[in-house]
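Here is a short briefing on the structure shown below. Keep the view open while reading the points.

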Amino acid sequence: MVRRRARAFVELLIAAVGLVVELLLWQRLLENVEEWDDPVHASLPVLAAGALYGGAQLWIRDRDVWGVRTNSYHGIVVAVCRWSIKRRSVPDTREVSANFGIGKTIGMVGYRLWYGLLRPLPGSGT
């Protein structure tokens with residue numbers, strides 16, 4: 001239980017640092033917009049899709065759906081399926097990738113703030 005909570009806190013820190021880095025990189029892209037043929041703009045639907053993806057990824061692991069946390073084989077199978085679904089459903093453009101990545105990190109930070117910092121982890125019993 002303590003290890004799961006410590007891991008959740010470390011995940012929160014890493015995701016928060018990642019979000020700051022992503023936003024700084026995005027700001028740099030926006031400042032140098034004249035250098036690009038197609039500028040990168042914020043897209044709320046793609047940000048929201050990324051946030052749902054990031055939050056769902058942690059939700060599945062926290063609840064140990066299909067044993068993804070406790071069975072490494074299941075975890076690998078689910079990771080490959082997640083990657084395949086994302087690769088086929090998310091267009092491979094710079095704008096979509098940037099929006100989806102930032103949205104995913106926002107979802108992970110939000111989820112870890114709620115479950116792990118403000119509230120107990122699902123299935124922890126405390």
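A search of the whole structure turns up 4 salt bridges. The model is predicted. A network of salt bridges links Arg7, Glu11, Arg61, Asp62 and Arg112.

**Salt bridges of glutamate 11**

- Side chains of opposite charge can pair when their charged atoms come close.
- Glutamate 11 and arginine 7 form a salt bridge through their side chains, at 3.3 Å from N to O.
- These two residues are 4 apart in helix α1, so about one helical turn separates glutamate 11 from arginine 7.
- Arginine 7 is partly exposed, at 48% relative accessible area.
- Glutamate 11 has a relative accessibility of 17% and counts as buried, because buried means under 20%.
- A salt bridge also joins the side chains of glutamate 11 and arginine 61, at 2.0 Å from N to O.
- Glutamate 11 sits in helix α1 and arginine 61 in helix α2, so this pair ties together parts 50 residues apart in sequence.
- Arginine 112 meets glutamate 11 in a salt bridge as well, with 2.7 Å from N to O.
- Arginine 112 is in helix α4 and glutamate 11 in helix α1, so the pair ties together parts 101 residues apart in sequence.
- Arginine 112 is buried, with a relative accessible area of 2%.

**Helix packing around α1**

- The axes of α1 and α4 come within 9 Å and cross at roughly 150 degrees.
- That angle makes α1 roughly antiparallel to α4, because angles over 145 degrees count as such.
- The α1 and α4 crossing is left-handed.
- For α1 and α2 (residues 44–62), the axes come within 13 Å and cross at roughly 165 degrees.
- α1 is therefore roughly antiparallel to α2.
- The crossing of α1 past α2 is right-handed.

**Nonpolar surface patch**

- Phe9, Leu13, Leu113, Trp114, Leu117 and Leu118 make a nonpolar surface patch of about 570 Å².
- At least two residues of the patch come from each of α1 (2–31) and α4 (94–114).
- Tryptophan 114 belongs to helix α4.
- With a relative accessible area of 40%, tryptophan 114 is partly exposed.

**Loop residue threonine 93**

- Threonine 93 lies in the loop between α3 (72–89) and α4.
- Its relative accessible area is 39%, so threonine 93 is partly exposed.
- Threonine 93 and valine 40 are 53 residues apart in sequence, and their C-alpha atoms are 9.8 Å apart in space.

Definitions and conventions: Residues are numbered from 1 along each chain as its sequence is written. This is a predicted model: local features need pLDDT of at least 70, side-chain atom pairs count only at pLDDT 80 or more; totals for chains, interfaces and linings use all residues. Side-chain values use heavy atoms; hydrogens and water are left out. Patches are made of residues with over 30% relative accessible area and no salt bridge: like charges are joined within 9 Å, nonpolar side chains (Val, Leu, Ile, Met, Phe, Trp, Tyr) within 5 Å. Accessible areas come from the Shrake-Rupley method with a 1.4 Å probe; for residues, only the protein chains shown count as cover. Buried means under 20% relative accessible area, exposed over 50%, partly exposed in between (1.4 Å probe, protein chains only). Axes are lines fitted to C-alpha atoms, for helices over the stretch in contact, and angles run from 0 to 180 degrees between N-to-C directions. Angles under 35 degrees count as roughly parallel, over 145 as roughly antiparallel, 65 to 115 as roughly perpendicular and the rest as oblique. A crossing is left-handed if the near helix is turned anticlockwise from the far one by less than a right angle, and right-handed if clockwise.
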